[in-house]
Amino acid sequence: MFDSFRFKKNQVLSYRLLLYIVLCSTVFTLLGTSVQLWLDYKNDVSDIRNGMQQVEGSYVNTIAASLWDINIEHVRIQLEGILKLPGMRYVEVSETSFGAPDVMVNAGYMPQDESLIKRKYELSHEVDGQRVRLGSLTAVASLEGVYARMKKRVLVILMTQAVKTFLVSLFIIVIIHYMVTRHLQGLAEYAREVDINRLDQELVLKRSKNRKKVDEFDMVVKAFNDMRRNLIRDIAERKKVEEALRQSNIIVENSPVVLFKWRAEEGWPVSLVSENVSQFGYTAAEFMAGERVFADILHPDDRGRVLEEVKDHTRAGAEHFRQEYRIIKADGSSAWTEDSTVVNRDEKGQVVGYMGIVMDTTERKKAENELANLRNLLQNIIDSMPSVLVGVDGEGRVIQWNKSAQEQTGLSWDEVKGLTLEETLPELKKEIGELLRTARKEDVVERNKVPFSEDGAVHYKDVTVYPLIDEQSGGGSVILIDDVTMKSKLEEMMVQTEKMMSVGGLAAGMAHEINNPLGAILSGVQGAERRLSPNLKKNQEVAAELGVDLGRFQVYMERRGITGYLRGISDAGRRAARIVRNMLEFSRKSESTRALYEVREIMEKSLDLASNDYDLKKKHDFKTIDVFRDYEQDLPGIYITETEVEQVLLNILKNAAQALSEKQFSKQERPSIWLRTRRDGDYVRIEIEDNGPGMPEKVRKRVFEPFFTTKQVGVGTGLGLSVSYFIITRNHNGEFFVEAEEGKGTRFIIRLPIEK
């Protein structure tokens, strides 16, 4: 059959096309089959997973309720319903208690194959607001049926696709040979025979003469013949260019400048260059042969600028222009050059090329750069300073403006030159004006932490003024401004740090020491109630084996109060959970969101938190302290950040308890704390007083200093009261002070403003 189409030995393209078509069709067939099988598999598996979701949504709660009511028959009916879902093979319900799981009810059979989808659902029932865990529901589905259906589909699809692929491939290869392959071989034979001495021979393909439309092969033949004619013309032109180049090189070969002639095309191809281009490490042959265009040797940092300048001069109608730029030498180094270019135009005024001379000016440029660097040395030093530096003359007008000043104000040197400080730094004009008047006495003056508003936030700066003693300055000054906003933010971070330290003594200890046994207690109570229930089948079976009447035993438990004891244990556990929940609410990070609160509520909540802060290592316990409350009625609410004020009150109460634990009391006196609230003008006054050992005067004066502590190493950090002072005075615009005498107790007083 192939001989009838005149296939030749060396026409391997036809055989390759046939092979590629078969391979491509096979690949697409396999891909299509795989996609179809995957979609079918995915749909089947999706049906099974939907069934699993239906079990969770429709059966779990119903089974749990039936299991709680010990209605085993209803549970069995529900399991039979689950087995009707797609792919479902086995379902069981297990009871879980202190021992191993106990299978109560099952349905179906456990598949033996490995292609399984297994899901386990927890069964729980809500009793008195608490979730009681009853057991688990296990559902098992098999993919065996899915795989069987997929095997049948694979055989059918592959058989039909294989037959179709073979017939289509055979038909395509015959058409490709007749319309393409034989003509490609004709083109190859012509290309092998053509050379520079036989360019007059045209390319003609053996094709039907009755064709009326031009196709791609006709276009290729025309392109070959056009190329042949262009080669003939280009060879003639090249000979002329070579002669012109030889003559120009004789003229300029000993000149210090390099002669270039560029075509007005992309990249500026070189049509003429003198031999002395070798001073840059290149040869004229590289440019003339088109191996390198002039744009290639332009420095990357200057290339865009040079190209744009040439376009601008050309559009402006310039006949001559000069440029300065760097070029990259052959050894990779750069050289500064200066060129003088003439624009060549045709009769219609269109630019056809450029001609110019290029001179190496590296040494001259180096000298100019050294002079500029020397001139700018002082300015660079000033600009490198991270602080804002502003120089002013005797009249207060700006004579120096560094880079930091420009970045922080957004004003350049050209915009501020000669302006007054009030115009350039209006937010600091008052402070700087006072400092300048003081600095005229030739003293260095400074002011720390000057507040000002920027973008709606408060920032702080340290301002220092240095007088200029140079007579030419006319009594001027240098102003140095440092942003210390971050330092202030670090102080605010101390608040959160101290709070987390407090939470470490409260939440961590309470959660660890209470939650773990609390969970065991509640779980044990729930398990005991279920094990004692006469309605549970398992209990009935065990009781029957032992000869115990569960009904009478239940009556005994009621009369002896055992059931009440169990309920009491549950109530105590819930109360303990509420205490831990209060700890966790306090430990949440404050977002400084203020709200209206009653002082009484904050005081009581803080006291409740402090009462649970017992630690054997701290040797203090609020259970041994008498707390007296003296709250004024109808006090107005105050806008505060709840957790921050709680932190302050908790810290004072803990310090009071620790101080009381260090004092030896007589039989007539007991450790006591007095809590008082009063209306004090436009403030709410809070007093916390104890009858502890008090403190000496030298300690009282330093009590709010950071890191000052009278406690032993490892017991306190000295940050508690300093952070508390920061919260009250800075965050809440209040007042915080202490009254104490040695041996006569301590009283902390907090005044918080009543905001209208």
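**The salt-bridge network and its surroundings**

Analyst: Arg 676, Asp 680, Arg 685, Glu 687, Glu 689, Glu 735, Glu 739, Arg 747 and Arg 751 are linked in a network of salt bridges. A salt bridge here is a side-chain nitrogen of Lys or Arg within 4 Å of a carboxyl oxygen of Asp or Glu. Side chains of opposite charge can pair when their charged atoms come close.

Before going on, a word on the source. This is a predicted model, in which local features need pLDDT of at least 70, side-chain atom pairs count only at pLDDT 80 or more, and totals for chains, interfaces and linings use all residues. Residues are numbered from 1 along each chain as its sequence is written, and side-chain values use heavy atoms, with hydrogens and water left out.

Asp 680 forms a salt bridge with Arg 751, and their closest N and O atoms are 3.0 Å apart. Asp 680 lies in strand β18 and Arg 751 in strand β21, so the pair ties together parts that are 71 residues apart in sequence. Helices (H or I, at least four residues) and strands (E, at least two) are DSSP runs, numbered from the N terminus. Asp 680 is partly exposed, with a relative accessible area of 26%. Arg 751 counts as buried, at 13% relative accessibility. Buried means under 20% relative accessible area, exposed over 50%, and partly exposed in between (1.4 Å probe, protein chains only).

Ile 673 is in contact (heavy atoms within 4.5 Å) with residues including Phe 622, Leu 653, Ala 656, Leu 660 and Ile 688, leaving aside neighbours within four places in sequence. Glu 689 is also among the contacts of Ile 673, and Glu 689 belongs to the salt-bridge network.

The structure holds 29 salt bridges. In one of them, Glu 309 pairs with Arg 305, with the closest N and O atoms 3.2 Å apart. Both lie in helix α6 (residues 300-315), four residues apart, about one turn of the helix. Glu 309 is partly exposed, with a relative accessible area of 25%. Arg 305 counts as partly exposed too, at 33%.

Arg 345 and Glu 319 also meet in a salt bridge (3.5 Å, N to O). Arg 345 lies in strand β8 (residues 334-345) and Glu 319 in the loop between α6 and β7 (320-328), so the pair ties together parts that are 26 residues apart in sequence. Arg 345 is partly exposed at 28% relative accessibility. Glu 319 is partly exposed, with a relative accessible area of 46%.

Rings come next. A search of the whole structure finds 12 aromatic pairs. Rings of Phe, Tyr and Trp (its six-membered ring) pair if their centres lie within 6.5 Å; planes under 30 degrees apart count as stacked, over 60 as edge-to-face and the rest as tilted. The rings of Phe 260 and Phe 287 have centres 5.9 Å apart and planes at 85 degrees, so this pair is edge-to-face. Phe 260 lies in strand β5 (residues 258-263) and Phe 287 in helix α5 (residues 284-288), so the pair ties together parts that are 27 residues apart in sequence. Both Phe 260 and Phe 287 are buried.

Last, a loop residue. Leu 536 lies in the loop between α12 (485-532) and α13 (537-546). Leu 536 is buried, with a relative accessible area of 6%. Its C-alpha atom is separated by 9.2 Å from that of Asn 71, 465 residues apart along the chain. Leaving aside neighbours within four places in sequence, Leu 536 is in contact with Ile 70, Glu 95 and Arg 530.
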